[in-house]
Amino acid sequence: TIAASGLHLHGASVPTGGAPAVPVTALRTPDDAPGELHAVELTAARHLVTLSSSERVEAWGFGGDGVAGPELRVTEGELVEVSLVNRDIDDGVTLHWHGYDVPNGEDGVAGVTQDAVAPGERFTYRFSADEPGTYWYHTHQAASEGVRRGLYGMLVVEPEGGVAESLDLALPVHRLGGETVIGATDGLQSFTAEEGESVRLRVVNTEQTPIRVTLAGAPFRVAAVDGRDLAGGEAVEHRSVRLGAGARADLVFTMPAEAVRFETDLSAASVVVIAPPGVETDTGEDARLPREVIEVPELDLLAYGDGARPELGPFTAEAELVLDRLPRFVGGAPGYAYAVNGAVFPHIAPIEVREGDVVKITIANRGFDMHPMHVHGHHVLVLSRDGVAATGAPLWLDTVDVRPGEVWELALVADNPGIWMDHCHDLSHAAAGMMMTLAYE
Ligand code: C2O
Ligand code: CU
C-alpha cells in the first residue's frame with residue numbers, strides 16, 4: 001500500500017557486500033506467475049568514454065566501455081530480476097522501465113515508489129515479462145543529468161515463439177559530448193543479413209528533443225510504436241519517422257541486394273549500415289552527406305495502418321492538462337518554470353482515478369515548447385490530435401509529443417493501481433516543474 005504522503009519506501013536497501021541475491025525459490029511475482037528466472041546485476045558507475053574526436057568525457061553508465069548500458073533481452077513469460085548497485089553516483093540512482101507497465105513498486109521513481117539508491121547500496125527490481133516489445137530503462141533520480149550522461153539501456157521482451165526477423169537490432173540513439181551515439185558507439189556500424197531475410201530495427205530516442213529517423217535503400221514498415229504492435233501498415237519509402245523524447249519505433253524491412261543505411265537527423269557521421277555478406281558496407285560518399293535535416297517527409301502515424309479500434313466503453317473519469325511556461329526567477333536569473341494547469345511540481349493536482357476507470361485525458365499545449373508527455377504504468381490510446389480523429393491502426397503510446405498549440409485527446413484504462421508519475425520527457429522541463437501524478441483512490 002502507498003502511504004498518504006505519496007512516499008512509498010519499497011523494500012530495504014542492502015549495502016554492497018551484504019545479503020546474497022534472493023534465491024530463486026523465494027522469488028514471487030505479484031501474481032505468482034511461474035516462469036524462468038532471468039537475473040541480472042547492473043552497477044551504476046562513473047567512467048571515461050573516448051569519443052571519435054578522441055575527446056574524453058565523463059560518462060555515467062551501467063557497465064561496459066561504451067555509452068549505453070547492457071541490452072536486457074528477455075523472453076515473454078520469464079521473471080526478470082535486476083539487481084541495481086550504485087558504485088559512485090553521488091546523486092543516487094534508480095531504474096525506471098520506460099514504457100514497460102510494471103507493478104507500481106517496481107517503477108523506480110525516487111521519492112514516489114522508492115528512495116534513490118545511494119552509493120554503496122543496492123535495490124532489486126522484479127517483474128514478469130508478459131508484454132513483448134521494445135522498451136528502455138533509465139535512472140529516475142536527477143534524471144535530466146543522469147540520462148544525458150549515460151544511465152540508460154534497452155529492454156527487449158521477445159515474444160514466446162521468438163522474433164520473426166533473422167536480424168534484430170536494438171538501437172538507442174543518444175548524444176554525448178556533441179556526438180551522436182547509436183548503441184554503444186558512434187561512427188559507422190555495420191551488420192550483415194542475407195538478401196531476402198527480414199530485419200527489425202528497434203529504435204529509441206533517449207534524447208530530450210525529438211529526432212527523425214529513416215532508412216535509405218529499402219522500403220520499411222513501422223511494425224510497432226512505444227512497444228505496441230501496429231496492425232497493417234504498408235511498407236513506405238522516402239519517409240521519416242519522428243520520435244519524441246523517450247519514444248520508440250520498430251522498423252522492419254526485407255534485405256535487398258545492396259546495402260541499407262539507417263540514419264537520423266542528428267548527425268551524418270553516426271549511421272548503421274546493413275548489407276548482404278560480401279557487399280561493401282561502407283556506402284561511401286552517401287554515408288557522409290550532411291543530413292542535419294532529413295529531407296524526406298514525416299510519416300503520419302495517426303493515419304498509418306488499419307487495425308480495428310478497441311471498444312473502450314463510456315468514459316468514467318476525465319482530466320484536462322494545459323501545458324504552459326511561466327516566467328520565473330531561477331537561481332536569481334530570469335528563466336522559466338514549466339507548468340501544468342498553472343502549477344508546478346509538487347503543486348499540480350493529480351489525475352485521480354479508480355481501478356477500472358476509462359479515463360479521457362485532454363492535453364493542450366499553450367506554450368512555445370514541445371512537451372513529450374510521458375505516462376508511467378499505462379499506455380494511452382490516441383483519439384484525436386487538433387480535432388482530427390486518429391484513423392489508422394490503434395496507436396497506443398506512453399509518450400505523447402505535444403507540439404506548441406496542439407490539443408490531443410487520449411484514453412487511458414486504469415488497470416494498474418498505484419501512484420504514477422506523469423511528466424514531460426524533456427527532462428529539463430520536468431526538473432523545472434512539469435511533473436505530476438496519476439493516483440488511484
Ligand atoms: Cu522515461 Cu518518468 O521516464
Ligand atoms: Cu516539456
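The legends below describe close-up views of a predicted model.

View 1. The chain holds 2 helices and 31 strands. Of its 441 residues, 46% count as buried. Among the contacts with a separation of 6 or more, 75% are between residues 24 or more positions apart. The domain assignment gives domain 1 (24–158), domain 2 (167–299) and domain 3 (317–440). The UniProt record (unreviewed entry) places the feature "domain: Plastocyanin-like" at residues 50–160 and 341–439. Over residues 341–439, the chain is 48% strand and 5% helix, and the end C-alpha atoms of that stretch are 17 Å apart.

**View 2. Contact between domain 2 and domain 3.** Taken over C-alpha atoms, the centres of domain 2 and domain 3 are separated by 29 Å. In this contact, 14 residues of domain 2 meet 15 residues of domain 3. The side of domain 2 that touches domain 3 is made up of 6 nonpolar, 6 polar and 2 charged residues.

View 3. Residues up to four places away in sequence aside, Leu 155 touches Leu 72, Trp 97, Tyr 100, Tyr 135, Trp 136 and Tyr 137. In soluble globular proteins, nonpolar side chains tend to be buried together.

**View 4. The hairpin of strand 20 and strand 21.** Strand 20 (residues 317–330) pairs with strand 21 (residues 333–340) in the antiparallel sense, over 8 bridges. Val 330 stands opposite Ala 333 of strand 21. The hairpin has 2 residues between the strands, and Gly 331 takes a positive phi near 55° there.

View 5. Val 322 is placed in strand 20. Val 322 counts as partly exposed because 15 other C-beta atoms lie within 10 Å, whereas a buried residue needs 20 or more. Leaving aside neighbours within four places in sequence, Val 322 is in contact with Val 340, Asn 341, Ala 364 and Arg 366. Val 322 and Arg 366 are 44 residues apart along the chain, yet their C-alpha atoms are separated by 6.8 Å.

**View 6. The loop between strand 21 and strand 22.** Asn 341 lies in this loop. Its phi is near 50°, a positive value in a residue other than glycine. Asn 341 has 14 C-beta neighbours inside 10 Å and so counts as partly exposed. The peptide bond from Phe 345 to Pro 346 is cis, with omega near 5°.

**View 7. Strand 29 and its two partners.** In strand 29 (residues 407–413) the side chains alternate. Strand 23 (residues 358–365) runs antiparallel to strand 29 and is joined to it by 7 bridges; Val 359 stands opposite Leu 412. Strand 25 (residues 380–385) also pairs with strand 29 in the antiparallel sense, over 5 bridges. Here Leu 381 has Ala 411 as its bridge partner.

View 8. Asp 386 is in the loop between strand 25 and strand 26 (388–389). Although not a glycine, Asp 386 has a positive phi of about 55°. Asp 386 counts as exposed because it has 11 C-beta neighbours inside 10 Å, and the limit for exposed is 12 or fewer.

Methods:
Residues are numbered from 1 along each chain as its sequence is written. Chains are lettered from A and ligands numbered from 1 in the order in which they are written. This is a predicted model: local features need pLDDT of at least 70, side-chain atom pairs count only at pLDDT 80 or more; totals for chains, interfaces and linings use all residues. Two residues are in contact if their C-beta atoms, placed from the backbone, lie within 7 Å. UniProt positions are given in the numbering used here, feature names are shortened, and annotations may be inferred rather than shown by experiment. Helices (H or I, at least four residues) and strands (E, at least two) are DSSP runs, numbered from the N terminus. Two strands pair if DSSP finds at least two bridges between them. Domain bounds come from an automatic or database domain assignment. Ala, Val, Leu, Ile, Met, Phe, Trp, Tyr, Cys and Pro count as nonpolar, Asp, Glu, Lys and Arg as charged, and the others, Gly among them, as polar.
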